[in-house]
Amino acid sequence: MMQVSLAAARGPEVRLSTNKEYITILFGIWLIGGVFVDGFAHNHGVVETFFTPWHAILYSGFMASAIWMGWLLYRSKTQSGSTWREAVPVGYGLGLAGVFIFLLGGLGDMIWHTVFGIEQNVSALLSPTHLVLLIGALLILSSPFRAGWHHASLQKPTWSAFTPIFLSLVATTGAVSFFLMYAWAFRYNLPASSSVDWYAVQFGDGGLIAENNQLRGLSYILIDTVVYMFPVFLLMKRWQLPIGTMGLLFALITVMMNVLDGFQNYPSIFIALGAGLIGDILYRVLRVREGRVSGERILAAVVPIALWSFYYAWMAISDGIGWETELWAGSIVEAALLSMGLQLLAAQKTPAKG
């Protein structure tokens, strides 16, 4: 009874229409697009000051998102006559907090650049103000996803209703993968024969450098497996997915990461798309959407196997694999085991209260 009375006291929840969620995503894409354009500029050594065209894209995208979310709150407040807290649309509370966090990060970033100069390479990703910007962006970009998560009647969404939720997760994952670009396996291709030979010429054949590069390559594969598979398990935990979800998810994440290097590694897009489509096929053949846990576990193992098998197959055809068979084959198995472990964690149900 207490829970019912409290809910009644708070009044009805404010939920945005799908069309308004689309507008939120449009501005979010503007913001994340500026992030990747700025990343491309950093990676190609053309950053000189804080006031650059790529920063203009980034911060104008933020301003558009901030104004839009502020207007949504104001309109909800004036129409309902409720308190500001009650007027916050479902899923947008953390997004509005993200606006203030991003603003503080942006002001701090301008001061940081003025005092310490412009960062390059990995240091740019670890700049404290950039990490504050990341937190703010994640909260803003994930707003439509949170709204959809708390939409109880949305269990089997069509693409028209699911697209804002899906793109919100894609943009959020893209922001995370951006800050992990130093561990993106497709950028470095350390198992390739040309990479192994180059390091051998520069630093000598074998020894500590060769072993360190093998460890780097293995770590990148495992990190990227998490980046690809975690969103899949998150989506499957909440919704019955429309056809093509995994293929599009994998492809769009990989397209965004290819922006950073001017699409020099564009074959990775087709590799990721192929693995995602296999996931989509398994999702239906194994009836995962009907709640079959065994099917989800098989999918968790097979998709990373497909992803990295395609990766090594493309490498063998285009360049040759410089790693020993035990190493590259073992990395595929290890990625599958990691994915299965993630699935077990994601599938855990909340214990019922006695």
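Because the model is predicted, local features are taken at pLDDT of at least 70 and side-chain atom pairs only at pLDDT 80 or more, while totals for chains, interfaces and linings use all residues. Residues are numbered from 1 along each chain as its sequence is written, and side-chain values use heavy atoms, with hydrogens and water left out.

Confidence comes first. Here pLDDT is the predictor's confidence in each residue, from 0 to 100. The chain has a mean pLDDT of 88, with 92% of its residues at 70 or more. Over residues 350–354, though, pLDDT is below 50, and this stretch has zero contacts in the model beyond near neighbours in sequence. A contact means heavy atoms within 4.5 Å. Residues 1–10 also stay under 50, and the model gives them two contacts beyond four places in sequence.

Next up is helix 13, which covers residues 245–259. Helices (H or I, at least four residues) and strands (E, at least two) are DSSP runs, numbered from the N terminus. Helix 13 has 15 residues and reaches 22 Å from its first C-alpha to its last, close to the 21 Å expected at 1.5 Å a residue; that expected span is 1.5 Å times one less than the number of residues. Eleven of the 15 residues are buried, leaving helix 13 mostly covered. Buried means under 20% relative accessible area, exposed means over 50%, and partly exposed is in between (1.4 Å probe, protein chains only). Among the buried residues of helix 13 are Met 246, Phe 250, Ile 253 and Met 257. Their cover includes helix 2 (18–43), helix 9 (159–178), helix 12 (207–238), helix 14 and helix 15 (293–318).

Gly 95 sits in helix 5, residues 93–116. With a relative accessible area of 0%, Gly 95 counts as buried. Leaving aside residues up to four places away in sequence, Gly 95 touches Met 69, Leu 139, Ile 140, Ser 143 and Arg 146.

Leu 273 belongs to helix 14 (residues 267–285) and is partly exposed at 30% relative accessibility.

The structure holds two salt bridges, each being a side-chain nitrogen of Lys or Arg within 4 Å of a carboxyl oxygen of Asp or Glu. In one, Glu 13 and Arg 15 meet at 3.2 Å, N to O; Glu 13 is exposed at 55%, and Arg 15 is partly exposed at 27%. In the other, the closest N and O atoms of Asp 261 and Arg 187 are 2.7 Å apart. Asp 261 lies in the loop between helix 13 and helix 14 and Arg 187 in helix 10 (residues 185–188), so this pair ties together parts 74 residues apart in sequence. Asp 261 is buried, at 13% relative accessibility.

Finally, the backbone. Most residues other than glycine have a negative phi. Asn 189, not a glycine, has a positive phi of about 45°; Asn 189 lies in the loop between helix 10 and helix 11 (193–203) and is buried at 11%. Arg 287 has a positive phi too, near 55°. Arg 287 lies in the loop between helix 14 and helix 15 and is partly exposed at 41%.
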